[in-house]
Amino acid sequence: MELNENFLWGGSIAAHQCEGAWNEDGKGLAMMDVATSGDVHHDRLIHDEKLPGYTYPSETGIDFYHRYKEDIALFKEMGFKTLRISVDWSRIYPNGDDEQPNEKGIQYYQNVVDTLLENDIEPIVTLYHFEMPLAIVRKYGSWTNRKTIDLYLRYCKTMFEALKGKVHYWVTFNEMNHIDSQMALSDFFTYFVAGIKYSELENAPQTLATCAYYMTVASVKAVKLAREIDADNKIGCVFGLTPNYPYSCNPEDVMLSFKRMTRDLYQIDAMCYGKFPEYKLHEYQRLGIQLDVTEDDKMAFKEGVLDFLGINYYASEVSIAKEKEDMEKAFFGGVKNPYLKDSDWGWSIDPTGLRYLLNFIDRRYQLPIMITENGLGAVDVVSEDGKVHDDYRIDYLKQHLSALKKAVIEDDVNCIGYLMWGPIDLVSATTGEMKKRYGFIYVDKHDDGTGSYERMPKDSFYWYQQVIQTNGKDL
Ligand code: BG6
């Protein structure tokens, strides 16, 4: 048996990591425009405004804004069936609450989508990938305020109408689950998701729960709206999930692991089961957290059940109830898995984790699943022959795709697509670096500001082309 012939092969990119043109054609200031570059040892800094002497990598990205035609032609050459892009909200409503949308911003996304369609590439559009206008954070307090739901829905409506009949796959949010997951204990994760810094919150549990709840309500309402505008729309939401293993068969490790594996799922439950889960409301009650749950929200959960689930998968985690002092900590939390190797950025490499996660999510939700991100961030070197021989990337992707294939063929998981993260090198979200490269396509841009921005296929480009051409037959 082989993968379905309609399997969606492709890749995923996000506006703030590739577009650049941060102040062109009426774009407003967005959250990531004031995040500096960092590296594996230094966090990105988040400023209130742009300061002299710092690099803000989203300013230029990889200049996709001006080069999208050339880039899409390369994706076409690889045989992409689909490309997931994101719309930068601040291009459409620069301040979030502007009376009229910015026509030039809309036009830009219409042009990108038209170019994709001309190249027979199905667009998948994410409406919120860490790109909220900063003015909403400042004026309304971001997702701590119910008013932000209305602003978000107005923006969604503008995009659903502007791309009606052209875009059929929509993603309401990227990785909203990081707002109050264990990742949120750093400023950067709460900032990514909502433009707020964890360390500055007076009552973090309450604030994060409120943001998480309002975003969940916003997502289910957007699902309903998308269907009203075009009954052919298929709407998903993307979650960044890390399967969790117990360190041993000690029941305490198993229990902790189960808790961590499921702690980020309450938002998915709310979006798939037609109601916000009671177990989460009870947990909030025990913690003294108050949520403003209205009758209108309850109806919205019933009416806004997702069509598909997007999963971003990069690594797995290990939980141990009693950590020993000499145990090494892992990037995503917990301790290092002695059976796995890490990437240069400390992310564990675990193809079986992908198969495990696909099974877990399939059995729990019974909805079509798309792997909306997966890939290897690595240092690439241009060899003397002028090429990038990235066999390590090919090896990583081959192992992950073969695990995915087993999940579909042997385990009967309903996985409808695989979108490799960063099919073209772009700015890393966690570190702001160019050095952490994911692409099939090399971009000549460097962290010291040098580079011609020229594009060049790496060895993996031709490998993925072959995978798509044969529909993954030889994986
Ligand atoms: C995902 C995000 O969580 O991880 C992407 O959706 C991000 O935006 C990707 O780029 C990989 O992370 P990084 O830090 O290596 O770019």
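User: What covers the buried residues of α2?

Analyst: In this predicted model, the cover over the buried residues of α2 includes β1 (8-12), α1 (15-18), β2 (82-86), α4 (103-118), β12 (455-457) and α15 (459-469). The buried residues themselves are Phe-64, Tyr-65, Asp-71, Ile-72, Phe-75 and Met-78.

User: What makes α2 fall short of the span of a straight helix?

Analyst: Helix α2 (residues 64-78) has 15 residues, and a straight helix would reach 21 Å at 1.5 Å a residue. The end C-alpha atoms of α2 are only 18 Å apart, short of that value. The helix also bends by about 40 degrees at Glu-70. Just after α2, Gly-79 takes a positive phi of about 95 degrees.

User: How do you know what span to expect for α13, and which distance is found between its end C-alpha atoms?

Analyst: The expected span is 1.5 Å times one less than the number of residues, so the 15 residues of helix α13 (residues 351-365) should span 21 Å. The end C-alpha atoms are 22 Å apart, which agrees. After α13 comes Gln-366, whose phi is positive, near 55 degrees.

User: Which residues of α13 are buried, and what covers them?

Analyst: The buried residues are Pro-351, Gly-353, Leu-354, Arg-355, Tyr-356, Leu-357, Leu-358, Ile-361 and Asp-362. Their cover includes β7 (308-312), β9 (369-373), α14 (391-409) and β10 (415-421).

User: Why is Gly-141 called partly exposed?

Analyst: A residue is buried with 20 or more other C-beta atoms within 10 Å, and exposed with 12 or fewer. Gly-141 has 17, so Gly-141 is partly exposed. This residue lies in the loop between α5 (134-140) and α6 (147-162). Gly-141 and Leu-127 are 14 residues apart in sequence and 19 Å apart in space, C-alpha to C-alpha.

User: What makes β4 mostly covered, and how do you know that β4 pairs with β3 and with β5?

Analyst: Six of the six residues of strand β4 (residues 169-174) are buried. Two strands pair if at least two bridges are found between them. Strand β3 (residues 122-126) and β4 have three bridges, in the parallel sense, so they meet that condition. Here the bridge partner of Ile-124 is Tyr-169 in β4. Strand β5 (residues 234-240) and β4 have four bridges, also in the parallel sense, so they qualify too. Asn-174 stands opposite Val-238 in β5.

User: How many residues surround the ligand, and which are the closest?

Analyst: The ligand is surrounded by 14 residues, the closest being Gly-240, Gly-377, Ser-428, Ala-429 and Thr-430. The shell divides into three nonpolar, eight polar and three charged residues.

Definitions and conventions. Residues numbered from 1 in each chain as written. Predicted model: local features only at pLDDT ≥ 70, side-chain atom pairs only at ≥ 80, totals over all residues. Helix = DSSP H or I, 4+ residues; strand = E, 2+ residues; numbered from the N terminus. Bend = angle between axes of the 7 residues up to and from the residue. Contact = placed C-beta atoms within 7 Å. Near = placed C-beta within 6 Å. Nonpolar A, V, L, I, M, F, W, Y, C, P; charged D, E, K, R; others polar.
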